[in-house]
2 protein chains.
Amino acid sequence: MIKVLRLGHRLGRDARISTHCGLVARAFGASGIVYSGDRDKKMMDSVKKVTGEWGGKFSVKYSSFKSTIKNFKGTKVHLTVYGIPIQKKINEVRKKRDILVIVGGEKVSGEIYHMADYNIAVTGQPHSEIAALGVFLHEYFQGRELEKRFPGAKLKVVPLDKGKKIKRI
Amino acid sequence: MIKVLRLGHRLGRDARISTHCGLVARAFGASGIVYSGDRDKKMMDSVKKVTGEWGGKFSVKYSSFKSTIKNFKGTKVHLTVYGIPIQKKINEVRKKRDILVIVGGEKVSGEIYHMADYNIAVTGQPHSEIAALGVFLHEYFQGRELEKRFPGAKLKVVPLDKGKKIKRI
């Protein structure tokens, strides 16, 4: 069971980035996301709406980062450019069954580095918490997440070489 | 040589998403990004600034999507949820040396699906062009991009188990 914790959401400014974090968590096989920072019903509803239409079980919650990390029974993995390269740690992390993947916002409190069991870097270059999350989950599941099924979907893509096709179920 | 084309940038609304696309392209081994849509000097400067500080060669340009796709001598790969699953096509695509990776904005013109040599889906679920780009490049380079060096960097992360350390060179 993989949960994602998104740190320090800010109303307005972070709406799309935080939405993408939620959608990536869901699409790449996590079972839920917890948002901390500003409470943003509209942003969270946009993630829930996707689950309602595209299926699968995926929880979307709001909570404080401290209580989320403290109460999590499992391994806490913080994705940060300052951490140890993913290629050195992923085999070890993959053995853990219950993981909280913590993804940063603009400013990450220094405590997080110490509350986490692992601080892991997806490249040592500045880029995007969204891509870091996607690549981490892809590495963790070793590509099996690409075959994941989403039961109860109302919408489903029919893959095409050219063009777009969506099936309504 | 991998270039990225970001479609349909919109001033204001897409600034952070398009910045993340540029930074992910750079961090995961592409050699440049072309932005189309609204011309946005500030956004493009923020991507150039990262290259200036963190090293490597990475071009950031503005152009129309049509001329960029038409003039590209190589294989055009459009990342779209409507395409063929990446796991079915990546071995074939990996044999190509020069690739233009096209990533969508909010609305992608129907022409793109026909101008591209491949339409490829990174999961058949709605999520994020940023994560799709990161996972595509990670799959293309098979993780070698994680070891990429960025010559001429002024800043470099010193990986740590706990905490943050940046070396100024």
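What pattern does chain A follow when read along the sequence? In this predicted model, chain A runs β-α-β-α-β-α-β-α-β-α-β-α-β-β. That comes to six helices and eight strands. The radius of gyration of chain A is 16 Å, close to the 15 Å that the globule rule gives for 169 residues, so chain A is as compact as a globular protein of that length. The C-alpha trace spans about 45 × 35 × 30 Å along its principal axes.

Two further numbers describe the interior of the chain. Buried residues account for 45% of the 169 residues in chain A. Take the contacts in chain A between residues at least 6 apart in sequence: 81% of them join residues at least 24 apart.

Next, the sheet. Strands of a sheet pair through backbone hydrogen bonds, either parallel or antiparallel. In chain A, six strands form an open sheet, and the pairing is parallel. The order is S3-S2-S1-S5-S4-S6. Strand S3 (59-62) and S6 of chain A stand at the edges. Each has a single partner strand, so one side of each is left without a neighbour in the sheet. From one strand to the next, the twist averages 30°.

Strand S2 (residues 32-37) of chain A is joined to S3(A) by four bridges, and the two run parallel. Here A:Tyr35 stands opposite A:Tyr62 in S3(A).

Helices pack against this sheet. H1(A) lies across strand S1 (2-9), S2, S3 and strand S5 (99-103) of chain A. Its direction is at about 175° to S1(A). H4(A) also packs on the sheet, where it touches S4 and S6 of chain A. The direction of H4(A) makes about 165° with that of S4(A).

Now bring in the second chain. How many residues of chain A are in contact with chain B? The count is 44 residues of chain A, against 44 residues of chain B. Several elements of chain A each supply at least two residues of the side that touches chain B. Among them are helix H2 (41-54), strand S4 (75-85), helix H5 (111-115) and helix H6 (129-141). The largest share, seven residues, comes from H1(A). By type, the residues on this side of chain A divide into 24 nonpolar, 14 polar and six charged.

How do the copies relate? Two copies of a chain are related by a rotation about an axis and a shift along it. The same surface serves both copies: 100% of the contact residues of chain A recur in chain B.

Is B:Leu133 buried or exposed? It has 30 C-beta neighbours inside 10 Å, and the cut-off for a buried residue is 20 or more, so B:Leu133 counts as buried. B:Ile102 is 31 residues away from B:Leu133 in sequence, yet the C-alpha to C-alpha distance is 8.9 Å.

Technical notes. Residues are numbered from 1 along each chain as its sequence is written. Chains are lettered from A and ligands numbered from 1 in the order in which they are written. This is a predicted model: local features need pLDDT of at least 70, side-chain atom pairs count only at pLDDT 80 or more; totals for chains, interfaces and linings use all residues. The radius of gyration is taken over C-alpha atoms; the globule rule is 2.2 Å times the number of residues to the power 0.38. A residue is buried if 20 or more other C-beta atoms lie within 10 Å of its own, exposed if 12 or fewer, and partly exposed in between; C-beta atoms are placed from the backbone. Two residues are in contact if their C-beta atoms, placed from the backbone, lie within 7 Å. Ala, Val, Leu, Ile, Met, Phe, Trp, Tyr, Cys and Pro count as nonpolar, Asp, Glu, Lys and Arg as charged, and the others, Gly among them, as polar. Two strands pair if DSSP finds at least two bridges between them. Axes are lines fitted to C-alpha atoms, for helices over the stretch in contact, and angles run from 0 to 180 degrees between N-to-C directions.
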